Amino acid sequence: MRKRMVVYSLIISFMIQLVIGWNTFHNLLTTNKDLTIQTSKELIQQTSNNLTTYFQDLDALASLLRTSNISDYSRLYWNMHGGAVVNEKGEMVNHLLNELSLQENWVEKIFILGRNNNQSNFSKVIGEEGWSSEGLPSIDDLMEYSLLNILLKEEGIPTYHSREILLQTLEHSTKSVLNIPQLVRNLDFLKQVENRMTIAVYDDDVVILIVLPLNFMDMVLNKQLSDFGVKMQLVDADNNLLWRNEWDQSGNDNSEAYRFIERKSLSPYNFQMELLQRDSFYMTHKKSISILVVLLAINLGLSFMIAYTFSRQIFNPIKVISRSIQKDTNKMFPMRLIPQINGNKRWFIKMPLQRKMFWFLMCSVMFPVLIVGLIFSFASFQINKGLLIDSKEQMTQQLSTNVTLHKQSFKNLAHQLILQETYFENEAASVHPKMSDVSYYVVYDNKGSTKLSSIYGNNLELFPIKPSMLTKGAFQYDWIPLEKDIFGNHSASLVTSIMNNRDMDGYLDLILKEHGLVTNDKWQESELLLLDQAKQTIYQSNPDQTEFRDQRALRNLDRQNEVIRLDNKEYLRIIVPIIESEWLMINFVPLREIITDSQLLLVKHLYFILAIIVVGLLLSYILSKSLIKPLLKLHESMNQVSEGQFIPYDHDRNDEIGELAENYNQMISHINHLLEEQMKSNVREQALMSSKMKAELGMLQQQINPHFLYNTLESVKFRAMHNDSEGINKIVNAMADMLRYSVRGGSQEVSFSEELTHIQNYYTIQKMRLRDKLDFKWEIDKDALTLKVLKFVLQPLVENAIEHGILQVTTGGVVTISASVSEYDLIIGIKDNGVGLDEDELERLKKSLFEDEVEQKGIGGVGLKNVSQRLHLFYRGGAVLEIEFAMMKGTLVRLKIPLHR
């Protein structure tokens, strides 16, 4: 049983700890999943907004390219204007595009195509100073091969052109005469747009085509997100994959390891952003999980040690008792007392067994469970806190990418505004999407005088130039740190130099709205800061909270995820560098925001552990009761010994209780053996007593015979004196039968009919003696004739009736012999009609029946006493002799002989 208890405790401990571990990981996985979904929704929302901003920026660029200053180039005819004019116009267009300062990761190429080969075509690779018009197809060339419809399928909207679709279009075009130069121009052109996304617009026989770079999506999604297992991809309306972020450096597509999280449609564009998340919880927290598994194994070892030690204390007394019983079983009684078990922990020894079992399970199961529960709770708290920090870091990473995109978009806006003010005369820049994030802008000349303001144009003195702009010297862009604008709002501004043939011609100052540079700022109580390379604040979520800009908050910026204390509040400082710049984004997350969420999970986990412990207590109580049940049954069996029932305990156990029961059964078997020997001894003693009784009965029988012979010889003598030979003959014949009956051996019991025949012979002898003075009357039940009675039980009673009843009357004496059968007894009556006895004589007669010596003379004589003693000895007190006397009415002697001895 000890082994079973230890195994039970280990199994229960393991199962409970496994449940706690499962609950811990389940909660963590659920939390991770919820955080992933929440973060992913925000990520895909921000990425979609970024992509929309990018497409709108390109749409603004397309609108700029449609202006007459640029698109009219492709409306020039070579045969009308000559090559010099066309080249001069082309150089001007190239100069304007260079003035836009477009980035290679923003736009790859720009094409401006005329109607036919007599018109000018234009192409420019962004990042290169020059331009080209050679080898480009015209609109007519594209139309000949149905390619124009492909390019303008969704005019003004980004469209993806796969190589397969373009080649199929060429193959299925029908031409009667093949124009090789035309086909070559188309093929060369297709190579530059295949597997690319383009924006195409058609305006008055001019096609403007903007080709996007292959990696344009890298601008809208932070590359560091791949470290968190985030995968973003762009698909078209037909679910064709257009782009996927570089999440696998090897180039292998392990999409199976990712699960779909969220999808976002880009309106009005026919694209969808899809976000997938790698199930990286185990890999990320592999070390923590491994440590928890090792702690679980150590805790099970602790459970085993406690169970082994505790069970030894419980079963040691049982072993002592079992061995003591086994040692003394084969000895003669009385056995020695079981030695008292001593120990230092007497309180534990005196404790009831069920309580010991309960505390055994508590210590071996609940104590380790409590330990592992607290460890798992702390671990889940830490892991959950790490998950929350990772979530905050992911969002900060994405916001840093948003800033990079917005910075570039604001630069594009600045250049378009400069071109608008210098070349296009308010023709196109107003459509730029970032204008909604600009509070106002101001144009200054190279001396710092205000030339133009988008607001309050009649009060230009309200917009003096910032002194720092004049002291910086030559620059192209400069971001002015956070300061109040004309409306009293804290905002940053972008200053762009206006150049005229490499000469400084002035400045453009874009004053942004408070949240123009960092949008989608949904951080609850978090505080976001954007610092430039000089560690000056470009943006802050709440500029009035100056404590986030002081020295304490901005020291040791090389330390990542550091906890700092500001105004008695603790914050987790997350620092993310802005891509392609020396800027930093700092996110101050209130530590209690993370701790509170982690504490909620901790409290939930502790409640679960508490519930497990309560269930464990109930199981401990039930199991302890179940474990001691065999001992209680053994105890009940032992209690039967005190009641004289030596019954073995039936069991099929092989443990300590089985050993104790087996030794107990051997003791009971030994006791039963001794009792059996004692019973055999008693039987032998009873047999000796029976032999003694038979001898005494024989002696009493011998006492009867002489008395009877004496009376009979008296009768013969009387007949001989009167020469009554016939009477003597009857007496002698009757006497001969009686002697034969008397000397016949065998059982002391005879049938009642034989005893009556013996009395009939006795009556014949007495009748010859007493003549008319004696008569017999028989009232015998036939059922009584076959019953067994003691031999010679009637003759002494009949003799008494004659001697002490009939002889006292002169004539008409009658002795009535009756016999009947009741349920339990044979009832025999001997009644005479003699003189009877008074009460004194009756008392003396009854008293004489129980005395050892009786006078031979007197009432009853020796015969009545002999019958009484014989009945008492033979029937062991079961037979009853009753005497009824009535003065002058006779005497009745009644015998009640039991039917079964």
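**Salt bridges and buried parts**

Analyst: The side chains of K466 and D509 meet in a salt bridge, 2.5 Å from N to O. A salt bridge here is a side-chain nitrogen of Lys or Arg within 4 Å of a carboxyl oxygen of Asp or Glu.

User: Where do K466 and D509 lie?

Analyst: K466 is in the loop between strand 11 (450-453) and helix 12 (467-471), while D509 is in strand 14 (residues 503-512), so the bridge ties together parts 43 residues apart in sequence. Helices (H or I, at least four residues) and strands (E, at least two) are DSSP runs, numbered from the N terminus.

User: What should I know about the model itself?

Analyst: It's a predicted model: local features need pLDDT of at least 70 and side-chain atom pairs count only at pLDDT 80 or more, while totals for chains, interfaces and linings use all residues. Residues are numbered from 1 along each chain as its sequence is written, and side-chain values use heavy atoms, with hydrogens and water left out.

User: OK, is K466 buried or exposed?

Analyst: K466 is buried, with a relative accessible area of 15%. D509 is buried too, at 0% relative accessibility. Buried means under 20% relative accessible area, exposed over 50%, and partly exposed in between (1.4 Å probe, protein chains only).

User: How many salt bridges does the structure hold?

Analyst: It holds 23. One of them joins the side chains of R185 and D141, at 3.0 Å from N to O. That pair links distant parts of the chain, with R185 in helix 7 and D141 in helix 4 (residues 139-144), 44 residues apart.

User: Why does R185 count as buried?

Analyst: Because its relative accessibility is 18%. D141 counts as buried as well, at 2%.

User: Which residues does R185 touch?

Analyst: Leaving out residues up to four places away in sequence, R185 touches N117, G135, L136, P137 and D141. Contact means heavy atoms within 4.5 Å.

User: And what does R559 pair with?

Analyst: R559 forms a salt bridge with E562, their closest N and O atoms being 3.4 Å apart. R559 is partly exposed, with a relative accessible area of 43%. As for networks, salt bridges that share partners join R66, D72, R75, D203 and D204 into one.

User: Switching topic: why is helix 19 largely enclosed?

Analyst: Nine of the 10 residues of helix 19 (residues 795-804) are buried, so the rest of the structure largely encloses it. Among those buried residues are P796, L797, E799 and I802.
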